[in-house]
Amino acid sequence: MNSLPSIDLALLTRDDGPLHDSVRDAINSQVGVRLNVHRVVGQPLVGDASRIATIARTRNEAVRRSRSEFLMFLDDDVVLAKDCVSRLHHGLIARSNYGAFAADYLGESSSHRHSRHVAMGATLFRRSALLRDPFRWEPGKCECLCRCEDIRRRGVRIDYLSGARAWHLSARQSRGCCETGNLLPVKSSSALDDPEAIKNAKVLVAFNRRDIHRFQNVFLRTLRAAGNNQEVIAVGYGLYPTEMDRIQRLPNVRFIRRRYNGQLPPVRRLVDFRDIVSELPAETPVAYWDAGDVLFQGRLDSLWQHTQQYPDKILAVREPRGFPTNNAIRGWTRTIENPTMRRRAFELFASNPFLNSGFGAGTARTLSRYFGEAILLRDNALRGTTDWGDQTALNLYCHSDPTRWIEVPEDWNYCVHDRQRGEVRVMPDGRVVNRSGHLIPVVHGNARSLTQFAIIR
């Protein structure tokens, strides 16, 4: 009987705390291979320019520790199918022109073409393909994309392997592993206890006549019903006098009137929100959501407190799909007039989490800085884009400098559109839950998906 192939598995973690049970059990359940597990802790050092720099350095440390012919990288929030490593190994044995195969735990692969970006959270390498070049990063490029480019430059292939399965833990379950995003680290509840931050927080929202009823009957009604009593600052475009009077009578709502000028609210709000937050105390917790397709099912307390823990960062949420399955990335960037900026924006959006601009949070100071620069980006670098709002501006602003933002759990802006069947369910009592039955605090029906799901009419 032949002995099982020996494979080094580099488990990358942020700290040396206990692993999630499902991650540990999946490693122990692998069939057809013998794993030599090396836990490599990716703690930031003084000289690290960003989180991505820390990750690249940690991956290089894992390569130095490895001794087997094959090295598997695994992030500590990725769960492997029991035959995942074996399938990846068989794939490399059968295809000598490949230096690495990965399990697509983020849903990035396409059956029609090779993947430009291959996430490294569940990837098996021939060790020989790792010794030629170290992991590196560039501004606007994660270490995964740089590795893909380096390995292909040497005439070796890397891609996702069909049939090799793995799953990414939800942000609620994850400990925040070494991945390409800037996932918000989990803090203790005692460190989050700041009643004044909750009391003084502001909710910004902007809408025209099309969405006035959904703002009042869905957005505001569910916000209050979920126990969130913070002041709402509402900017209304082109409302009739009777409509303005109705909004002004709502308790704890500050209404700002603006005339209709033909622009959509997601574009106009950049200027109006900038003016609003610039007049608030700098450390005021602020969040904004789209007005016409958002409903609330939980309290926002910890969101406000996170803005105080990370006062210089925008809190953002990625969309369910990134490149290449998110067609908007290609469509919106290819219409940018400046060819250099068109290419740069596409590279940034294709190699980073694609952030949904229907939500953003931070201190008044941080959001003021963002809104101000986003206006300039829309008018100059992004001129010509067919993006109907501030989507490209948010992504370009954040990914041009990864230190500007941090990823928060998708529960704060759970985009319903582009989800696989079964990922989101509507219960008989009208509550919206995810696949595991967890009540979603903030549901965002992007692309009018709340109507498609019959959540609202």
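**The open sheet**

In this predicted model, 6 strands form an open sheet of mixed pairing, in the order S2-S1-S3-S6-S5-S7. Strands are DSSP runs (E, at least two residues) and helices likewise (H or I, at least four), numbered from the N terminus; two strands pair if DSSP finds at least two bridges between them. S2 and S7 (157-160) each have a single partner strand and stand at the edges, so one side of each lacks a neighbour in the sheet. On average, neighbouring strands are turned by 20 degrees against each other, direction ignored.

**Strand pairs at the edges**

S1 (residues 6-13) and S2 (residues 34-41) run parallel and are joined by 8 bridges, with Leu9 opposite Val37 in S2. Together with helix H1 (residues 21-28), S1 and S2 make a right-handed β-α-β unit: with the strands pointing away from the viewer, the path from the first strand over the helix to the second runs clockwise.

S5 (residues 98-102) is parallel to S7 and joined to S7 by 4 bridges; here Ala100 stands opposite Ile158.

**Helices across the sheet**

Helix H2 (residues 51-65) lies across S1, S2 and S3 (70-75), at about 140 degrees to S2. Helix H3 (residues 84-94) lies across S1, S2, S3, S5 and S6 (122-126), at about 35 degrees to S6. Angles run from 0 to 180 degrees between N-to-C directions of axes fitted to C-alpha atoms, for helices over the stretch in contact (heavy atoms within 4.5 Å).

**A covered helix**

In helix H14 (residues 391-400), 9 of the 10 residues are buried (under 20% relative accessible area, 1.4 Å probe, protein chains only), among them Leu394, Tyr397 and Cys398. Their cover includes helices H11 (327-333), H12 (339-351) and H13 (364-379).

**Basis of the values**

Residues are numbered from 1 along each chain as its sequence is written. Local features need pLDDT of at least 70, side-chain atom pairs count only at pLDDT 80 or more, and totals for chains, interfaces and linings use all residues, while side-chain values use heavy atoms, leaving out hydrogens and water.

Conventions
Buried means under 20% relative accessible area, exposed over 50%, partly exposed in between (1.4 Å probe, protein chains only).
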